[in-house]
Amino acid sequence: MQRLSTQQPDFDQRLAALLDFETAQNPEIDRTVAAILTDVKTRGDAALLDYTARFDGVTVASAAELELDRAVLQQAFERLAPEQRQALEAAAQRIRSYHERQLTTSWQYTEPDGTVLGQAVTPLDRVGIYVPGGKAAYPSSVLMNAIPAKVAGVGEIIMVVPTPRGERNDLVLAAAWLAGVDRVFTVGGAQAVAALAYGTASVPQVDKITGPGNAYVAAAKRAVFGLVGIDMVAGPSEILVICDGHTDPDWIAMDLFSQAEHDEIAQSILLCPDPRFIDQVAASIARLLPQMPRRAIIEASLGNRGALIEVADLDQACVLANRIAPEHLELSVESPWTWQAKIRHAGAIFLGRFTSESLGDYCAGPNHVLPTSRTARFASPLGVYDFQKRSSLIYVAEAAAARLGRVASTLAHGEGLTAHARAAELRYRDD
Ligand SMILES: NC(=O)c1ccc[n+]([C@@H]2O[C@H](COP(=O)([O-])OP(=O)(O)OC[C@H]3O[C@@H](n4cnc5c(N)ncnc54)[C@H](O)[C@@H]3O)[C@@H](O)[C@H]2O)c1
Ligand SMILES: N[C@H](CO)Cc1c[nH]c[nH+]1
Ligand SMILES: [Zn+2]
């Protein structure tokens, strides 16, 4: 794992290199994805069956076999051990309660002459949610996508999830049942995104695709954007920890592991002003790593993209955090709210020593689908607002036709658009 200091003369270049790793698009992946998209668009279910056999090792005779009956979801829910069932229900309840506060409703106001202006807020008709399943199973991602969609009032939720070698995860299916997902297809990768975007004989075309995934999923979502809506292009997980040097170093090491274990290209970074504490975290990492079941992935991720960075002070740490714009930011410091006020760019901010990022992944309530790869500079967490859209409402009373018509007419003549001007003028008489 790299050890850096803001004192190093080439620190800025080193940090830029560390952050740049994933943002560059991979032309080879783009080419592979483009071919898969075209094939699914052209051959539909037949292509979906071929890719599912090739990439997930699942061979079935017909696309109908890729869909899971709702009874299968219910049985998975009923099979859960009581502890798992309660945990899933507790997480679902907290996620629902948080997202209900995000619901916006239609609004309008009336001007003195009777003109009414407003916005009609409506849910999307049909959405596709992508639940990753290549290197790990993500029941929590089912809840994080489906519950906001439900709260928004989406008409139909179609879920896709790969089942490598045909292994179905009961918690994933149970979460789909609990969250009220309408249909589930066991397909993944770019072919699943293509099926949702173009529709096939079996998979219905959706209006928007949400949810995280690997580089193939991200490239496919980027490519179909425009034909369908997408939430964001969420990349590999990231965590940035700012620590004042007074938290248990084992806690910090494990928080860095928690995102590193997602993917060999996930990113975990620590910023700390105390070099002795950084030594302690490095020692904790060395001692704890061999105990981790996903040691190989963690080791690769920390080696590829991890860093322990010594900063001058916590103010400088906040400046760097805004430059890094991480998916997750932990403020493991005294008086975390004071430092939070200095953060402008982060997908989610975890305040205080007891707030491990992992609580946010599962059950704190806020969404865990967050902007990655520095996109927190302009993007927000997945939310109910991603499943709603707005239409403007304009009612012009007869008495107001002249007031607005004269303004429009003048501007329309200025643009040389006579029909626009006449359409306004015909509705009033200028005596
Ligand atoms: N931001 C979030 O909220 C969040 C949540 C969970 C996971 N994640 C991230 O999502 C990612 C999940 O990735 P994953 O791989 O585990 O699952 P995935 O479901 O995204 O990808 C698996 C699919 O990738 C396709 N694929 C694999 N190799 C391919 C190849 N060589 N050519 C074409 N297609 C290929 C296959 O179709 C396979 O079904 C990780 O990076 C993880 O960090 C993010
Ligand atoms: N940390 C992931 C988002 O980057 C979400 C997740 C799901 N399960 C565990 N973690
Ligand atoms: Zn996680």
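Trainee: Which residues in H2 meet Ala 46, Ala 47, Leu 48 and Tyr 51 in H3?

Mentor: Keep in mind that this is a predicted model. On the H2 side, the residues that meet those of H3 are Ile 36, Asp 39, Val 40 and Arg 43. By class, the residues of this contact of H2 with H3 comprise six nonpolar, no polar and two charged.

Trainee: At what angle do the axes of helix H2 and helix H3 cross?

Mentor: The axis of helix H2 (residues 27–43) and that of helix H3 (residues 45–56) come within 6 Å of each other and cross at roughly 135 degrees. Angles over 145 degrees would count as roughly antiparallel and 65 to 115 as roughly perpendicular, and H2 and H3 are therefore oblique to each other.

Trainee: Let us turn to the domains. Which bounds does the domain assignment of the protein give?

Mentor: The assignment gives domain 1 as 2–23 + 236–377, and domain 2 as 44–232. The centres of domain 1 and domain 2, taken over C-alpha atoms, are separated by 29 Å, and the contact takes 12 residues from domain 1 and 15 residues from domain 2. On the side of domain 1 that touches domain 2 there are six nonpolar, four polar and two charged residues.

Trainee: Now the sheets. How should I read the pairing of strands, and in what order do the strands of the open sheet with parallel pairing stand?

Mentor: As a general idea, strands of a sheet pair through backbone hydrogen bonds, either parallel or antiparallel. Here, the open sheet with parallel pairing has six strands in the order E1-E12-E11-E10-E13-E14. Strand E1 (2–5) and strand E14 (348–351) are its edge strands, each pairing on one side only, and from one strand to the next the twist averages 15 degrees. E1 pairs with strand E12 (residues 307–310) in the parallel sense over four bridges, and Leu 4 stands opposite Ile 309 in E12.

Trainee: Which strands does helix H10 touch as it packs on that sheet?

Mentor: Helix H10 (residues 249–260) touches strand E10 (238–243), strand E11 (267–272) and strand E13 (328–332), and its direction makes about 165 degrees with that of E10. Helix H11 (residues 275–288) lies across E10, E11 and E12, and runs at about 165 degrees to E12.

Trainee: What is the order of strands in the open sheet with mixed pairing?

Mentor: This open sheet also consists of six strands, in the order E2-E7-E6-E5-E8-E9. Strand E2 (67–68) and strand E9 (229–230) stand at the edges with a single partner strand each, so one side of each is left without a neighbour in the sheet. Strand E8 (residues 208–210) and E9 run parallel and are joined by two bridges, with Lys 208 standing opposite Gly 229 in E9.

Trainee: Finally, how many residues lie between E3 and E4 in their hairpin?

Mentor: Five residues lie between E3 and E4 in the hairpin, and Gly 114 in the turn has a positive phi of about 95 degrees. Strand E3 (residues 107–110) and strand E4 (residues 116–123) run antiparallel and are joined by four bridges; Tyr 109 has Leu 117 in E4 as its bridge partner.

Terms used
Residues are numbered from 1 along each chain as its sequence is written. Chains are lettered from A and ligands numbered from 1 in the order in which they are written. This is a predicted model: local features need pLDDT of at least 70, side-chain atom pairs count only at pLDDT 80 or more; totals for chains, interfaces and linings use all residues. Axes are lines fitted to C-alpha atoms, for helices over the stretch in contact, and angles run from 0 to 180 degrees between N-to-C directions. Angles under 35 degrees count as roughly parallel, over 145 as roughly antiparallel, 65 to 115 as roughly perpendicular and the rest as oblique. Two residues are in contact if their C-beta atoms, placed from the backbone, lie within 7 Å. Ala, Val, Leu, Ile, Met, Phe, Trp, Tyr, Cys and Pro count as nonpolar, Asp, Glu, Lys and Arg as charged, and the others, Gly among them, as polar. Two strands pair if DSSP finds at least two bridges between them. Domain bounds come from an automatic or database domain assignment.
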